Amino acid sequence: MNIPCYLAISGGVGGAKLALGLSKLLAADQLAIVVNTGDDFRHLGLHISPDIDTLVYTLAGQSNPETGWGRRDESWHFMEALAGLGGETWFALGDRDLAMNVARTQRLASGQTLSQVTAALAGSLGIEHPILPMSDDPVHTRVHTGKGLLEFQHYFVRDRCEPVVSGFEFDGAEAAELNPEIEAWLDNPNLAGIILCPSNPFVSIDPVLALPGLRDRLRESAAPVIAVSPVVGGSAIKGPTVKMMQELSIPNTATWVADHYRDFLDGFILDDQDLALKPDIEALGLASHVTRTVMVTLEDRVSLAQACLDLLQTLREELTRRS
Ligand code: FO1
């Protein structure tokens, strides 16, 4: 039966919110979520996959509502005991979150791939939608700053995004293989659309786009590709996106983000606050839709997801008319 299916690409907190909205509208065989693994790092002997876990906890309704990362209703005995032992405590691992990371590390050590481990752990939390790590090979985002080249988590958490950035690199990306399950979804003749969720373009989306062949696949895709702006009214909803833009002397506008993805994009969703930018987006040759993109409630997440599906349908109808 040819049911339309969709591929979402997400980083951490912001992207996961839209992924949750999409998961409420689309069945498990209609939506797969590609997730950034450039944030992954080895810490305390554990393989930590922050964007995977943010997505898993969010889809499972288990995410910490205050931070967006880590699990809700956490206890912190491990961190307290670790502090007492002189261990590193700059990266806060709750007791339940620790279990997730120990389970991942153990399974990886037994020879399972990151995709297999992620499917097993997400399944244990009752998630049915496929969560697809961008690659099973290691890719490490590093940040060029005034303090030198920093591991992503050192920049983001240990140094609280304070160093001034001058560039990024995704070590291992050129040698990494795009997750074959992503290729399978891209090859699916029923693929009805691809959605870039509102995550940081530099450190959440660009690492995914750096995987060999993916950008070309998006350009060539018969299915329309859209993005939701991570910048609203010149500011980011969460995280260092705008600070990075300013430090890189980039205009902190939704228009710059649309142009950054333009070579493979068909449509772009702006927040109501950026209505005035609609002509600029269309001047880039992109369809645009203006709606509320700031997601506070679950219904915000679902209605933005519906707006994405509606724009994709409009684009498919236009493609059909033109072809
Ligand atoms: N982000 C922080 O700002 N502080 C933390 O202590 C922290 C701990 C942490 C533990 C597990 C995990 O999965 C994520 C965690 N994050 C923390 C978020 C992490 O830095 C992500 O890379 C960001 O969400 C960016 O995607």
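Author: In this predicted model, the lining of the largest cavity holds five nonpolar residues, one polar and two charged. Its members are Ile 52, Asp 53, Val 56, Met 100, Arg 104, Thr 118, Leu 121 and Ala 122. A search of the whole structure turns up one cavity of 30 Å³ or more.

Three helices each give at least two residues to the cavity lining: H2, H4 and H5 (114–124). Two of these names return at the largest pocket. Helix H2 (50–59) and helix H4 (95–109) each give two or more residues to that pocket's lining. So do helix H1 (13–25), helix H6 (152–158) and H8.

Now the largest pocket itself. Its space comes to about 750 Å³. Its lining has 39 residues. Gly 12, Val 13, Asp 51, Trp 69 and Phe 156 lie nearest the centre. By class, the lining splits into 20 nonpolar, 13 polar and six charged residues.

The second largest pocket has about 350 Å³ of space. Lining it are 19 residues, and Lys 17, Thr 58, Ser 63, Pro 65 and Arg 301 are the closest to its centre. Here the classes are six nonpolar, seven polar and six charged. H1, H2 and helix H13 (298–322) supply at least two lining residues each. H1 gives the largest share, with four residues.

H1 and H2 thus deserve a look as a pair. Two packed helices are described by the angle between their axes and the distance between the axes. For H1 and H2, the axes come within 9 Å and cross at roughly 35°. The crossing is right-handed. On the H1 side, the contact uses Val 13, Ala 16, Ala 19, Leu 20 and Ser 23. On the H2 side, it uses Thr 54, Leu 55, Thr 58 and Leu 59. This contact counts six nonpolar residues, three polar and no charged ones.

Val 13 of H1 meets H2, and Val 13 is among the residues nearest the centre of the largest pocket. Thr 58 of H2 meets H1, and Thr 58 is among those closest to the centre of the second largest pocket.

H8 leads on to a sheet. Helix H8 (residues 201–209) lies across S6 and S8. Its direction makes an angle of about 30° with S8. The sheet is open and has three strands, in the order S7-S6-S8, with antiparallel pairing. Strand S7 (148–151) and strand S8 (165–171) are the edge strands, each pairing on one side only. From one strand to the next, the twist averages 25°.

Strands of a sheet pair through backbone hydrogen bonds, either parallel or antiparallel. Strand S6 (residues 140–145) and S7 run antiparallel, joined by four bridges. Within this pair, Thr 145 stands opposite Gly 148 of S7.

How values were computed:
Residues are numbered from 1 along each chain as its sequence is written. This is a predicted model: local features need pLDDT of at least 70, side-chain atom pairs count only at pLDDT 80 or more; totals for chains, interfaces and linings use all residues. Side-chain values use heavy atoms; hydrogens and water are left out. Two strands pair if DSSP finds at least two bridges between them. Axes are lines fitted to C-alpha atoms, for helices over the stretch in contact, and angles run from 0 to 180 degrees between N-to-C directions. Contact means heavy atoms within 4.5 Å. On a 1 Å grid over the protein atoms alone, a cavity is a set of points where a 1.4 Å probe fits but cannot get out, and a pocket is an open set with protein on both sides within 12 Å along at least five of seven lines; lining residues have an atom within 4 Å of a point. Grid points are joined across faces, edges and corners, and a volume is the space filled by probe spheres set on the points. Ala, Val, Leu, Ile, Met, Phe, Trp, Tyr, Cys and Pro count as nonpolar, Asp, Glu, Lys and Arg as charged, and the others, Gly among them, as polar. A crossing is left-handed if the near helix is turned anticlockwise from the far one by less than a right angle, and right-handed if clockwise.
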